[in-house]
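Here is a short report on one protein model. Have the sequence and the coordinates open while reading.

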Amino acid sequence: VASGKHYVSPTLAGQMADLMAGRAHPGALRHPHESLSEREFQLLIHFARGQGPTEVAGQLSLSPGTVSNYRTTLLEKLGVKNNSGLTHYAMVHGLID
């Protein structure tokens with residue numbers, strides 16, 4: 001580490017090897033949406049169904065600013081760029097019809 005190289009513990013090295021070989025560990029997340037909080041998941045579904053921030057805010061009794069912050073977090077966590085990406089993600093993963 002001091003010489004600018006990386007240290008990987010034996011445990012992490014084993015997990016990385018398993019992931020590369022396609023063997024997931026019990027309890028390992030398979031999809032990014034599995035790490036979302038209940039509220040984040042709830043907002044994902046609203047956005048994926050085409051609802052805008054103001055509409056979502058009214059339905060969930062949140063401020064539009066809070067909804068906007070959740071949206072930004074969802075975009076980052078799911079690796080998409082916009083609401084269309086959220087909708088596509090939700091459809092591909094069977095979260096909405």
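Two residues are in contact when heavy atoms lie within 4.5 Å. Leu74 touches Leu36, Glu40, Leu43, Leu44, Phe47 and Leu86, leaving aside residues up to four places away in sequence.

This is a predicted model, in which local features need pLDDT of at least 70 and side-chain atom pairs count only at pLDDT 80 or more, while totals for chains, interfaces and linings use all residues. Residues are numbered from 1 along each chain as its sequence is written, and side-chain values use heavy atoms, with hydrogens and water left out.

**Overall layout**

The protein has five helices and zero strands. From the N terminus, the order is α-α-α-α-α. Helices (H or I, at least four residues) and strands (E, at least two) are DSSP runs, numbered from the N terminus. Accessible areas come from the Shrake-Rupley method with a 1.4 Å probe; for residues, only the protein chains shown count as cover. The accessible surface comes to about 6600 Å², and 54% of that belongs to carbon and sulfur atoms. Of the 97 residues, 26% count as buried. Buried means under 20% relative accessible area, exposed means over 50%, and partly exposed lies in between (1.4 Å probe, protein chains only). Among contacts with a separation of 6 or more, 48% join residues 24 or more positions apart.

**Helix H2 and its partners**

The buried residues of H2 are Glu40, Leu43, Leu44, Ile45, His46, Phe47 and Ala48. They pack against helix H3 (53–60), helix H4 (64–78) and H5. The axes of H2 (residues 38–48) and H5 (residues 83–92) come within 8 Å and cross at roughly 105°. H2 is therefore roughly perpendicular to H5. Axes are lines fitted to C-alpha atoms, for helices over the stretch in contact, and angles run from 0 to 180 degrees between N-to-C directions. Angles under 35 degrees count as roughly parallel, over 145 as roughly antiparallel, 65 to 115 as roughly perpendicular and the rest as oblique. On the H2 side, Leu44, Phe47 and Ala48 meet Asn83, Leu86, Thr87 and Ala90 of H5. Gly50 follows H2 and has a positive phi, near 90°.

Leu74 is found in helix H4. Its C-alpha atom is 7.1 Å from that of Leu44, 30 residues apart along the chain.

**The salt bridge**

The structure holds one salt bridge. The term means a side-chain nitrogen of Lys or Arg within 4 Å of a carboxyl oxygen of Asp or Glu. Glu40 pairs with Lys77, and the closest N and O atoms are 2.9 Å apart. The pair links distant parts of the chain: Glu40 is in H2 and Lys77 in H4, 37 residues apart.

**Exposure of selected residues**

| Residue | Relative accessibility | Class |
|---|---|---|
| Leu74 | 0% | buried |
| Glu40 | 8% | buried |
| Val8 | 36% | partly exposed |
| Lys77 | 37% | partly exposed |
| Ser61 | 67% | exposed |

Ser61 is found in the loop between H3 and H4. Its phi is positive, about 55°, although Ser61 is not a glycine.

Val8 lies in the segment before helix H1 (10–20). Val8, Leu12 and Met16 form a nonpolar surface patch, with about 230 Å² of accessible area together. Patches are made of residues with over 30% relative accessible area and no salt bridge; like charges are joined within 9 Å, nonpolar side chains (Val, Leu, Ile, Met, Phe, Trp, Tyr) within 5 Å.
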